[in-house]
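This report describes a predicted model. The account begins with the ligand and then turns to the sheet.

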Amino acid sequence: MTIHKIGVVGCGLMGGGIAQTCAQAGYETVVREINQPLLDKGITRIYDAWDTMERKGKLTAGQVAENRARLHGTLDLEDFADCDLVIEAVLENMEEKLRLFPALDHLLKPTALILSNTSSLNVTQMGAVTKRPDKVCGLHFFNPAPVMKLVEIVQTINTSEETVATVREFALSLGKMPVLAKDTAGFIVNFLLIPYLLAAIRMLEHGMASRDDIDTAMKLGCGYPMGPFTLLDYVGLDTTLWAAEAIYEEYKEPLYAPPPLLRRMVLSGMLGKKSGRGFYEY
Ligand code: CAA
């Protein structure tokens with residue numbers, strides 16, 4: 001199957017990064033938001049990233065203009081009708097996804113693939129509310145999506161091998177390295193990353209070391225680009241909480257139980273970098 005046109009649902013941090021990546025790779029890309037201010041904010045973030053890349057000599061002015069011409073913002077899901085592949089990157093809320101998937105199934109052409117960027121929700125359930133579960137799988141990007149090289153392809157018990165092969169080719173065409181994971185909560189990366197991040201929060205709760213020393217230890221001791229608290233703020237404390245809850249829900253392993261401090265920070269609006277305050281202030 002040949003992929004020409006991509007739809008991205010959601011132009012937040014992840015959806016915007018994914019739309020940017022697709023347009024940069026040469027695909028006609030439509031990205032949809034629920035209202036004009038959110039769409040404007042998302043598109044501006046993408047334009048700013050391209051301007052920075054131009055300033056750094058990574059893109060020419062001509063390439064920036066071409067990228068801009070390939071990227072189309074919309075408020076209307078109907079604009080996805082002729083897309084070959086749609087990537088869902090809305091909030092990590094299953095009810096929202098279970099409304100979206102049948103709507104996409106209804107309006108897309110029969111051959112189109114529907115992918116979810118979910119970081120830990122059940123993709124099988126999303127496929128089950130469509131009439132094309134064989135054409136539904138996960139394609140999980142990492143933040144910042146235009147920079148991080150990995151994508152996880154998440155194959156459900158219904159995803160066909162043909163779909164996996166097409167998505168693998170598509171991922172490579174974006175300049176990403178795909179790995180294949182089964183549809184189990186957390187897939188590969190979050191199954192390993194979330195307990196590490198939660199352990200750092202527990203260390204802080206128990207006064208075992210300071211925030212700065214824990215961050216420094218993991219940066220300089222293990223060569224990680226960011227310490228756990230910088231990464232928590234970068235990923236978003238709400239996103240981390242949702243991922244932890246989803247994995248805990250599936251396995252009931254104490255390792256994945258959200259620490260009280262994380263829940264309280266999210267409840268008080270401390271979401272990390274995006275809200276101006278998390279473990280650090282911005
Ligand atoms: N578009 C294009 N380029 C971008 C960009 C964007 N949106 N954002 C950053 N970049 C580029 C920068 O321009 C810069 O390019 P140069 O090296 O050519 O100058 C490069 O990326 C690195 O950025 P910075 O110089 O600003 O900063 P840095 O060197 O400190 O790297 C980082 C930043 C890439 C984020 C690095 O700190 C890092 O890899 N951190 C770890 C991130 C991580 O672990 N992400 C996964 C989180 S888990 C997740 O996302 C999954 C989930 O479900 C929760």
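In this predicted model, an N or O atom in the side chain of Asn190 is 3.0 Å from an oxygen atom of the ligand.

| Side chain | Ligand atom | Distance |
|---|---|---|
| Asn190 | oxygen | 3.0 Å |
| Lys56 | oxygen | 2.7 Å |
| Gln20 | nitrogen | 2.9 Å |

The ligand, taken alone, exposes 1,100 Å², and the protein buries 64% of that area. Around the ligand are 20 residues, of which Gln20, Lys56, Lys58, His140 and Asn143 come nearest. By residue class, the shell comprises 13 nonpolar, five polar and two charged residues. At least two shell residues come from each of helix 2, helix 7 (189–205) and helix 9 (228–235). Helix 9 contributes the most, namely three residues.

The sheet is open and consists of eight strands in the order 3-2-1-4-5-6-7-8, with mixed pairing. Strand 3 (71–74) and strand 8 (177–182) each have a single partner strand, so one side of each lacks a neighbour in the sheet. From one strand to the next, the twist averages 25°.

Helix 2 (residues 36–55), which also supplies residues to the ligand shell, packs on the sheet and touches strand 2 (28–32) and strand 3. The direction of helix 2 makes about 165° with that of strand 3.

Strand 6 (residues 136–140) and strand 7 (residues 150–155) run antiparallel and are joined by three bridges. His140 has Glu152 in strand 7 as its bridge partner; His140 is also among the residues that come nearest to the ligand.

Technical notes: Residues are numbered from 1 along each chain as its sequence is written. This is a predicted model: local features need pLDDT of at least 70, side-chain atom pairs count only at pLDDT 80 or more; totals for chains, interfaces and linings use all residues. Side-chain values use heavy atoms; hydrogens and water are left out. Two strands pair if DSSP finds at least two bridges between them. Helices (H or I, at least four residues) and strands (E, at least two) are DSSP runs, numbered from the N terminus. Axes are lines fitted to C-alpha atoms, for helices over the stretch in contact, and angles run from 0 to 180 degrees between N-to-C directions. Contact means heavy atoms within 4.5 Å. A residue is near a molecule or strand if one of its heavy atoms lies within 4 Å of it. A polar contact is a pair of N or O atoms within 3.5 Å; within protein, one must be able to donate a hydrogen and the other to accept it, and residues adjacent in sequence count only if both atoms are side-chain atoms. Accessible areas come from the Shrake-Rupley method with a 1.4 Å probe; for residues, only the protein chains shown count as cover. Ala, Val, Leu, Ile, Met, Phe, Trp, Tyr, Cys and Pro count as nonpolar, Asp, Glu, Lys and Arg as charged, and the others, Gly among them, as polar.
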